[in-house]
Amino acid sequence: MDLKDYETVFVLSPVLSENQLKDAIGKYKKIIKDNGADIIHEENWGMKKLAYPIQHKSTGFYQLFQYKAPSKIVSTLAIEFRRDDKILRFQTVSLDKYALEFNEKRKKGLLKSQKEAA
């Protein structure tokens, strides 16, 4: 089984309670793990303003997962996201070696120090 690196970002409805938010994030974390993936990194970006209204909402809770998984996970996740009315938007991308290198630098805070030095 060939594992690839993926990153999924999804936007949850801003009207969810903290418990509903945790449950939804836990649900997708479980789906990812149940499909043979290893979660490498996760980030909660919190409530952000959307670029344009989605379902009459102008904000949403952003969540990111970076993981190694078989390619079948992309369609499995997409189906689950589309069925869930708590999800406003989602995107999964395959990460190449440059994206992985960028993510490592970002996680370590090296990008900010490079910008300041320039």
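N35 sits in the loop that joins α1 to β2; helices (H or I, at least four residues) and strands (E, at least two) are DSSP runs, numbered from the N terminus. The model is predicted, so local features need pLDDT of at least 70 and side-chain atom pairs count only at pLDDT 80 or more, while totals for chains, interfaces and linings use all residues. Residues are numbered from 1 along each chain as its sequence is written, and side-chain values use heavy atoms, with hydrogens and water left out.

With a relative accessibility of 15%, N35 counts as buried (under 20% relative accessible area; exposed is over 50%, partly exposed in between; 1.4 Å probe, protein chains only). Setting aside neighbours within four places in sequence, N35 is in contact with P70, K72, I73 and T76, where contact means heavy atoms within 4.5 Å. With K72 there is a side-chain to side-chain polar contact at 3.4 Å. A polar contact is a pair of N or O atoms within 3.5 Å; within protein, one must be able to donate a hydrogen and the other to accept it, and residues adjacent in sequence count only if both atoms are side-chain atoms.

## Sheet and helix

Four strands form an open sheet in the order β2-β3-β1-β4, with antiparallel pairing; two strands pair if DSSP finds at least two bridges between them. The edges are β2 (38–54) and β4 (87–94), each pairing on one side only. On average, neighbouring strands of the sheet are turned by 20 degrees against each other, direction ignored. Such angles run from 0 to 180 degrees between N-to-C directions, and the axes are lines fitted to C-alpha atoms, for helices over the stretch in contact.

Strands β1 (residues 4–12) and β3 (residues 57–69) run antiparallel and are joined by 9 bridges. V11 stands opposite Y62 of β3. Helix α1 (residues 18–34) lies across β1, β2, β3 and β4, at about 25 degrees to β3.

## Aromatic residues

There are 7 aromatic pairs in the structure. Rings of Phe, Tyr and Trp (its six-membered ring) pair if their centres lie within 6.5 Å; planes under 30 degrees apart count as stacked, over 60 as edge-to-face and the rest as tilted. The W45 and Y62 rings are stacked, because their centres are 6.2 Å apart and their planes are at 25 degrees. This pair links distant parts of the chain, with W45 in β2 and Y62 in β3, 17 residues apart.

W45 is partly exposed at 34% relative accessible area, whereas Y62 is buried at 18%. One aromatic cluster is formed by F10, Y28, F65, F81 and F90.
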